[in-house]
Amino acid sequence: MSIYQESPTYSDQLENGLSGPSLMLDRVHCQFHGDSVVKDINLHLEAGEVVCLLGPSGCGKTTLLRIAAGLQMPTRGKVFLGSSLVSAPGGVQVPPEKRNVGLAFQESALFPHLTVLENVCFGISSMPKKQQRTRALELLGRLGMADAANVYPHTLSGGQQQRVALARALAPSPRVMLLDEPFSSLDARLRDQIRDDTLHVLKELNTATLLVTHDPEEAMFMADRIALMRDGEIVQTGTPTDLYCNPAEPFVVNFFGQVNEHRGVVHNGVVTTPLGHLEAKGFEDGSSVRILIRPEAVKVRQLEGQAGDDRTSHVLMSRLLGPTSLLHICAHGPDGQEMHLHAKVPGVFLPEQGQAVSLELDMSQVFLFGE
Ligand SMILES: Nc1ncnc2c1ncn2[C@@H]1O[C@H](COP(=O)(O)OP(=O)(O)OP(=O)(O)O)[C@@H](O)[C@H]1O
């Protein structure tokens, strides 16, 4: 964990003139009509770092981004951009246009009466004209839009307009980019391409970026770090690998995709499941545990022929999902326990209904939590 999250005196250090991360939220809290929707959040972004605020609808992601942008005043807590205090209730509230942040939202409206080039130049009008043009064309080029410089926005597709909006937000070289679901209105293929282009541009420009998304795959694609939120709080912050491989609680596992769930009781450091005996280190004897098994953790091997009796694990249904196959399996354990589970296996693997199978688990994708 970083010192920025741990140190209660960090904002005092910044106020005393030490330079800091590009953006820091220090115990930021926000209430609407007495309800807390953002609860004492600590978060910082270093230069060039892409951090994703990930979480279900209504968990407070946009409110936190709006607080960083200066569009919403926190109820308490402080916001720093570099070493400058830009929000503190009862005192400071630097307006958005004076924060040196770039903003892009899901539906970023371009000025319809300006060409693409003029739209991008809009935020850098204090520069000499020639420099404005060079800068705007450079960014449009990086986002694959240089050929559209002289057309008007209404002649562009939604994806093209989104690229122009990103170029416009990046043009003033903001210290921090704040992006709220900027790709969500695009269809899947276009979204992948624009995400990829955007990530490369942000990294080339070394821009600290806070990106809001509810899509775990997007967060993993874009983020150096993810802050996963629930009900106004950050449940876990870390690299995508940290969250995926070392989830802090069941909510984190479930958020990254559907999982098989089973409950059991620990005896002598072991819990018995329909998939065999699992080691349950660190749990007290007699304690109840929740066992979460990712579908990717289940390795399936075909046995000879159909399941001859009710005690052999067998296939209920197979479906091809494209790059993977999904098998519905009835698993039978050593002590007669039964479980319906999903296994996701690479490639085309579609055993017939009733096919007898043996099952093995990749324990790196199995998680045990106390109840
Ligand atoms: N100006 C406001 N006045 C009152 N309540 C608000 C206001 N803005 C947001 N809220 C409430 O705060 C909560 C958090 O909203 P927020 O938009 O931050 O969530 P979110 O995680 O971004 O959700 P989504 O992914 O659906 O956009 C919601 O319950 C919302 O209704």
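**Exercise 1.** Which residues in α6 meet which residues in α7? Describe how the two helices are placed relative to each other, remembering that this is a predicted model.

*Solution.* Start with the residues themselves: on the side of α6, G159, Q162, R163, L166 and L170 take part, and they meet L190, I194, T198, V201 and L205 in α7. Sorted by class, the residues of this contact divide into six nonpolar, three polar and one charged.

Next, turn to the geometry, since two packed helices are described by the angle between their axes and the distance between the axes. The axes of helix α6 (residues 158-170) and helix α7 (residues 188-205) come within 11 Å and cross at roughly 15 degrees. Because angles under 35 degrees count as roughly parallel, α6 is roughly parallel to α7.

**Exercise 2.** Find which residues surround the ligand, and sort the shell by class and by origin.

*Solution.* First list the surroundings of the ligand, which are made up of F32, V37, G55, S57, G58, C59, G60, K61, T62, T63 and H214. Then sort these residues of the shell, which gives three nonpolar, seven polar and one charged. Finally, ask where they come from: helix α3 (residues 61-69) provides the largest share of the shell, namely three residues.

**Exercise 3.** Work out how the protein chain is divided into domains, and describe the contact between domain 1 and domain 2.

*Solution.* Begin with the division, in which domain 1 covers 3-100 + 174-254, while domain 2 covers 258-370. The C-alpha centres of domain 1 and domain 2 lie 37 Å apart, and the contact takes six residues from domain 1 and six residues from domain 2. Now look at the side of domain 1 that touches domain 2, where the largest share, three residues, comes from helix α10 (residues 250-255). To finish, sort that side of domain 1 by class, which gives four nonpolar, one polar and one charged residues.

Conventions:
Residues numbered from 1 in each chain as written. Predicted model: local features only at pLDDT ≥ 70, side-chain atom pairs only at ≥ 80, totals over all residues. Near = placed C-beta within 6 Å. Helix = DSSP H or I, 4+ residues; strand = E, 2+ residues; numbered from the N terminus. Nonpolar A, V, L, I, M, F, W, Y, C, P; charged D, E, K, R; others polar. Axes fitted to C-alpha atoms, helices over the stretch in contact; angles between N-to-C directions. Parallel < 35°, antiparallel > 145°, perpendicular 65-115°, else oblique. Contact = placed C-beta atoms within 7 Å. Domains from an automatic or database assignment.
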